[in-house]
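Look at the structure first.

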Protein chains: 4
Amino acid sequence: MTPADARLRVRYAETDQMGIVYYANYFVWMELGRVEWCRAAGIRYRDMEEQDGILLAVAEAQCRYVQPARYDDEVVVSTTVARAHPRMVIFEYRMTRPGDGALLATGQTKHVFLGKDLNPQRLPAKYHFKFGIVKV
Amino acid sequence: MTPADARLRVRYAETDQMGIVYYANYFVWMELGRVEWCRAAGIRYRDMEEQDGILLAVAEAQCRYVQPARYDDEVVVSTTVARAHPRMVIFEYRMTRPGDGALLATGQTKHVFLGKDLNPQRLPAKYHFKFGIVKV
Amino acid sequence: MTPADARLRVRYAETDQMGIVYYANYFVWMELGRVEWCRAAGIRYRDMEEQDGILLAVAEAQCRYVQPARYDDEVVVSTTVARAHPRMVIFEYRMTRPGDGALLATGQTKHVFLGKDLNPQRLPAKYHFKFGIVKV
Amino acid sequence: MTPADARLRVRYAETDQMGIVYYANYFVWMELGRVEWCRAAGIRYRDMEEQDGILLAVAEAQCRYVQPARYDDEVVVSTTVARAHPRMVIFEYRMTRPGDGALLATGQTKHVFLGKDLNPQRLPAKYHFKFGIVKV
């Protein structure tokens, strides 16, 4: 599957006194990336949560920072699914700045599917194909 | 009632590239202030929400910025209740820096009591005295 | 001058356990609104800060919350300048949800112009017309 | 060296609509952890930045989420230095909830020392011992 691209512009609120984006905010951008990936795959994350009661809880997250993003930069978050099972999914991210083509950061998040009670739950079959799960 | 004091230390994440605290974060500090006020009044906000299903939704918020807070500053948020009814409460805040006695900001938030369905709900009588509501 | 419209989509990070957007985040949205107002007026805020060393420090901020915004809502922040002098500017905001036309919140921020040393500084004349300052 | 413990209480602002702490906020807590580690080692991070012009830029960050933290939980961030060179330092974190002894998360951040121009810079010798760098 081709990566899904989410575009954002760096907010003043996201900078810190180093004059660059505070490191935790890249994880917020990864959230925008995976929501966009879902949208491109025909999944509205909000509906999956509200209608099917499936939550995508984060089990692991990591980021490698290559070049700092700055206020007002346009940033593209390219997201792919590296692996998916009925119990978990791994997203991978590349964050770039189209203005100069710079690679800003790469990241990965691993998620488990939970029910509204926050207990593990298998992803309903109707979502398997969309997540690229062909055989369980 | 005497003001309740919440103490906090400015986080790096709370600064922006101006080298001072980003203005929206003072509203997060007000939250710490009113939670501390509740605690001093014998109300654990978490319990009020979980056990009685009462939410304190913000209807209005304002802040006047006097002197900028900086990274690693210790800040005291002194909170009082300016007015309270069974349907709403108004908190007032003074944010100071004990290090040099500087007044950093003053603020006010007006809240309405809601049920878990986010509809307005009267504050249960057992909380009236704690909020200083003497007669309804 | 007609209002400038900034569009955004509510991030998961912006919600709280009440299931709605945490109140401090509306002030971040106002930031997006005034940056968009500047852009529409031919001012790139980043350049004003970097090249002319002019900072727009917040002196006062207020918000009135009408209806709660929720995760994944599209929100429009319509921004106007209510008043401007060479020493300060007041922005006004209306936040609406185009999906159902709901008014979510209104707000106002008052700013003073500062130099990089965080001392008050008059707005350079070249910006006066853009801010609608006709006579000083 | 023994771990340094930073204590914090979960803010309402840090929760999301899942009813638990939003995952990016654990990285903010790691910041509180390493600042506390520095303090315990006799380093005031603010002074290192202001007086010596040394910035601790994040090169890599990761977190493994074990149990969700909730609003008003008290959380302890225990921080150690796993490795240090004059050019970089690796911090490790264990986040626990003393209330029930639960392990909430573990994490790691790798930092490079930069000058104010954001270019790599060797850590001044006076800090070597404090970071446990015995021989360069």
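Q: How many salt bridges are counted between chain A and chain D?
A: This is a predicted model, where local features need pLDDT of at least 70, side-chain atom pairs count only at pLDDT 80 or more, and totals for chains, interfaces and linings use all residues. Residues are numbered from 1 along each chain as written, chains are lettered from A and ligands numbered from 1 in written order, and side-chain values use heavy atoms, without hydrogens and water. A salt bridge takes a side-chain nitrogen of Lys or Arg within 4 Å of a carboxyl oxygen of Asp or Glu. Between chain A and chain D the count is zero.

Q: What area is buried between chain A and chain D?
A: Buried area is the accessible area (1.4 Å probe) that two parts lose on being put together, summed over both. Carbon and sulfur atoms give 61% of it here. A:Met18, A:Tyr23 and A:Leu118 supply 29% of chain A's share, more than any other three residues. The total is about 2000 Å².

Q: How many residues of chain A are in contact with chain D?
A: Contact means heavy atoms within 4.5 Å. Chain D brings 26 residues to this interface. Chain A's number is 26.
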